[in-house]
2 protein chains.
Amino acid sequence: MKPVASTSEQILDVAQSLIVAGGYNGFSYADIADAIGIRKASIHHHFPTKAELVSALVDRYRQQTELGLKSLQEQSASPADQLQSYVDFWKACIGNASLPFCVCAMLAGEMPMLPDEVASRVRGHFHHLAEWLTSVLQAGAKQHPFRLDKRPEQEAQMLMASVHGAMLSARAFDDPGLFAVIVEPQIAKLRPPVR
Amino acid sequence: MKPVASTSEQILDVAQSLIVAGGYNGFSYADIADAIGIRKASIHHHFPTKAELVSALVDRYRQQTELGLKSLQEQSASPADQLQSYVDFWKACIGNASLPFCVCAMLAGEMPMLPDEVASRVRGHFHHLAEWLTSVLQAGAKQHPFRLDKRPEQEAQMLMASVHGAMLSARAFDDPGLFAVIVEPQIAKLRPPVR
DNA sequence: GAGTGTCTACCTACTAGTAGATAGATAAAC
DNA sequence: GTTTATCTATCTACTAGTAGGTAGACACTC
């Protein structure tokens, strides 16, 4: 029922799935062209250079992410539920292989050789995600559910690393369930110990 | 004073640093040839195909790693010290940029498009590292220093993910110190809470 | 003289990117 | 209301450069 995606959206869709699989150098204009049945030149019409294509892709990804995280907060669930929903999102993505790796985590690994315009956008995503997690942890500590050992900024960094590391392990061991096995106890540890 | 490295060792050295920077598709035979001042064809003499080159590279990396981890255990330090030494190794690598990312973690991100012979070796490294961490945690729990919330296998997976995620964050934020900020509290949490 | 290592010279396939043409839609000009 | 102009999206055909890989010659060593 949803309207047919425009060509440029299709290009970004395919490019995204190819990047998730193999990173910046893991795909070519020819791969995209073949996948959606157009010519390479048509892709250059929409995105003159590869750096521009990937920049647009990261921009779109960040916009979707920021919208999603904001709406999670505005659904007025508790901080604990917000965190759980974030984790559940990735659990689902990895489980059904729809988006089995964060685009920006993938690109972050290749940081040293990314075009500047792409690298700065990826860095921006990491900053935003860290801030979102910090604010959720802060809210959770102020109310009841969380007890933080460290400053919320630091706990947020630890959580983020755990999520990205868990994605990597799920991929390395070829075991989607491993993601939850790693991340769930990590957020459980934020709750005050049962005495 | 150490003997000049053989050509094939030099090739692996350069290839390793290029993989760490940009992954499997992030380097070419020409890059290696330029870096050590020989021709592409000479590299093919030592490593006929790229898949063989990277396979040899991962084999060498795994051998070094397994030797290093074993010697850590045999230096008869306490499990807590063994774990700390492991973390300190990466802290130093990232700090002085000598090896600012685990070769296998880098390649694991590209798993879906790696040649099978490479992918299976990378998976092997993850299995071995998980086993080593498990055995250290197990020893630490049997003696005094660690109190584990979960089964040692699971705690080992959590720790490994944290380390790899921390490498990624250090790179994404361009902040080598971030690695320790993330990992240190994670191993501190393994010690029994002060009561 | 059999290996070993390196070279020059080459190959085919693919890379990102460009040039120029075409077809259809839109809209203003007369 | 037809003409003229512009825009958008696509195409075919091409470029220069790079990818991984090969063939064969030359030397040096054991």
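This is a predicted model: local features need pLDDT of at least 70, side-chain atom pairs count only at pLDDT 80 or more; totals for chains, interfaces and linings use all residues.
Residues are numbered from 1 along each chain as its sequence is written, and chains are lettered from A in the order in which they are written. Local features need pLDDT of at least 70, side-chain atom pairs count only at pLDDT 80 or more, and totals for chains, interfaces and linings use all residues, while side-chain values use heavy atoms, with hydrogens and water left out.

Turning to the interface, 40 residues of chain A are in contact with 40 residues of chain B, contact meaning heavy atoms within 4.5 Å. Of the interface residues of chain A, 100% are also interface residues in chain B, so the copies meet through the same surface.

The area buried between the chains, that is, the accessible area (1.4 Å probe) that the two parts lose on being put together, summed over both, is about 3,400 Å², and carbon and sulfur atoms give 67% of that. M158(A), F173(A) and K189(A) supply 18% of the area that chain A buries against chain B, more than any other three residues.

Finally, there are two salt bridges between chain A and chain B, each a side-chain nitrogen of Lys or Arg within 4 Å of a carboxyl oxygen of Asp or Glu. K189(A) meets E155(B) in a salt bridge, at 3.7 Å from N to O.
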